[in-house]
Amino acid sequence: MQVPIKEQKVVQSPINSFNEHGQDIKRKEKVNDNASPLLNQQACRDNVEVTYRVIDQNAVSGMFLAKVQAQGVILSLSEDHKDLKLRTTGWFTKNVNLQKWQPYLKKPPLAKGILLNLGSEFWDSKSNWYLCGVN
């Protein structure tokens, strides 16, 4: 049995559908001016407490605590300039156990309030971060 194809009409929007009172409507973002010197700068946050889970060769699972340095790029600032929107670019630790297990982790350590997955975006207090690295 064959189903008949229904005829479709192409609907076009009027030319001025995004024009209000003779002026184009522009998208407004809730970000302060894009001229801020902080935008696109590398920022770091030290002593971020994290937890991570590993499974050893005997299939024994363990949960461990460590401190890391979180690294990210500043994407925007809140209107009151107290918070930053960041994109995670990496993390670093001096914790010997975490350094040893890092190549075997299936996902990055878990931190409270920030995301350590590469490329993740999140908001955090500006006071927790400082400019670092080569930009």
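**Close-up views of a predicted model**

**View 1. The side chain of S78 and the backbone of K82.** A polar atom of the S78 side chain lies 3.3 Å from the backbone nitrogen of K82. The model shown in this and the other views is predicted. Is S78 buried or exposed? The relative accessible area of S78 is 12%. Because the cut-off for a buried residue is under 20%, S78 counts as buried.

**View 2. V73 and the residues around it.** V73 belongs to strand β4. V73 has a relative accessible area of 16%, and it is therefore classed as buried, the limit being under 20%. Which residues does V73 touch, leaving aside those up to four places away in sequence? They are N40, Q41 and Q42, together with K85, L86, R87 and T89. One of these, N40, is 33 residues away from V73 along the chain, yet the C-alpha atoms of the two are separated by 5.6 Å.

**View 3. The largest pocket.** The space in the largest pocket amounts to about 330 Å³. Rolling a probe the size of a water molecule over the atoms shows where such empty space is left. How many residues line the largest pocket? The lining has 14 residues, and those nearest the centre of the pocket are R53, V54, L105, K106 and K107. Strand β3, which covers residues 42–55, gives the most to this lining, with five residues. Sorted by class, the lining holds ten nonpolar residues, three charged residues and one polar residue.

**View 4. The whole chain, for orientation.** The protein contains eight strands and one helix. In what order do they come along the sequence? The pattern reads β-β-β-β-β-α-β-β-β. The protein has 135 residues, and 30% of them count as buried; S78 and V73, from the views above, are both buried. Among contacts in the protein with a separation of 6 or more, 61% are between residues 24 or more positions apart. V73 and N40 give an example of a contact between residues 33 positions apart along the chain. The accessible surface of the protein is about 10900 Å², and carbon and sulfur atoms account for 52% of it.

Key:
Residues are numbered from 1 along each chain as its sequence is written. This is a predicted model: local features need pLDDT of at least 70, side-chain atom pairs count only at pLDDT 80 or more; totals for chains, interfaces and linings use all residues. Side-chain values use heavy atoms; hydrogens and water are left out. Buried means under 20% relative accessible area, exposed over 50%, partly exposed in between (1.4 Å probe, protein chains only). A polar contact is a pair of N or O atoms within 3.5 Å; within protein, one must be able to donate a hydrogen and the other to accept it, and residues adjacent in sequence count only if both atoms are side-chain atoms. On a 1 Å grid over the protein atoms alone, a cavity is a set of points where a 1.4 Å probe fits but cannot get out, and a pocket is an open set with protein on both sides within 12 Å along at least five of seven lines; lining residues have an atom within 4 Å of a point. Grid points are joined across faces, edges and corners, and a volume is the space filled by probe spheres set on the points. Helices (H or I, at least four residues) and strands (E, at least two) are DSSP runs, numbered from the N terminus. Ala, Val, Leu, Ile, Met, Phe, Trp, Tyr, Cys and Pro count as nonpolar, Asp, Glu, Lys and Arg as charged, and the others, Gly among them, as polar. Contact means heavy atoms within 4.5 Å. Accessible areas come from the Shrake-Rupley method with a 1.4 Å probe; for residues, only the protein chains shown count as cover.
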